[in-house]
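Biologist: Please show me the model, and let us then discuss its pairings and packing.

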Amino acid sequence: MYNDPIADMLTRIRNASNVGLPMVEVPASKLKIELAKVLQKEGYIRSYEIREVGSHKTLRILLKYDAQGYPLIRKLARVSRPGLRKYYKVDNLPRILAGAGTAIVSTPKGLLSDREARKARVGGEVLCYIY
């Protein structure tokens, strides 16, 4: 059993991409599915699918690599965690690598990238940084 399912998902993605695996599977939840949608929309993963395994669902994430075989995900870091939540107003949302990276934000309008959150003029809890 783990206390932070988002950190577990990010760690599995980070480890699989560092080793060069084509895909990784994690236990599915609504939040993890929304996180995978944002990662796909931002171009960090190829796709994802929800699979029914017995009585529970798993989320299969297909990872993306460049032409030389290097993973597109260079750094994936959890920001807000259960013991220390990090909330930002829209004007204070972090810019990762001057806009080259992405911060994934949990907002009242759902999970959004930092660019989408600024466009929608909403702040929220920054879940992770990715670049």
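Modeller: Two strands pair if DSSP finds at least two bridges between them; strands (E, at least two residues) and helices (H or I, at least four) are DSSP runs numbered from the N terminus. This is a predicted model, in which local features need pLDDT of at least 70 and side-chain atom pairs pLDDT 80 or more, while totals for chains, interfaces and linings use all residues. Residues are numbered from 1 along each chain as its sequence is written, and side-chain values use heavy atoms, without hydrogens and water.

Biologist: Which residue of β7 is the bridge partner of I104?

Modeller: Strands β6 (residues 102-107) and β7 (residues 110-113) run antiparallel and are joined by four bridges. A hairpin of two residues links β6 to β7. In β7, I104 has as its bridge partner S113.

Biologist: Are α1 and α2 roughly parallel or oblique to each other?

Modeller: The axes, lines fitted to C-alpha atoms over the stretch in contact with angles from 0 to 180 degrees between N-to-C directions, come within 10 Å for α1 (residues 5-19) and α2 (residues 30-41) and cross at roughly 40°. Angles under 35 degrees count as roughly parallel, over 145 as roughly antiparallel, 65 to 115 as roughly perpendicular and the rest as oblique. Therefore α1 and α2 are oblique.

Biologist: What separates D8 and R12 in helix α1?

Modeller: Their side chains form a salt bridge (3.0 Å, N to O), that is, a side-chain nitrogen of Lys or Arg within 4 Å of a carboxyl oxygen of Asp or Glu. Because D8 and R12 are four residues apart in helix α1, their separation is about one helical turn.
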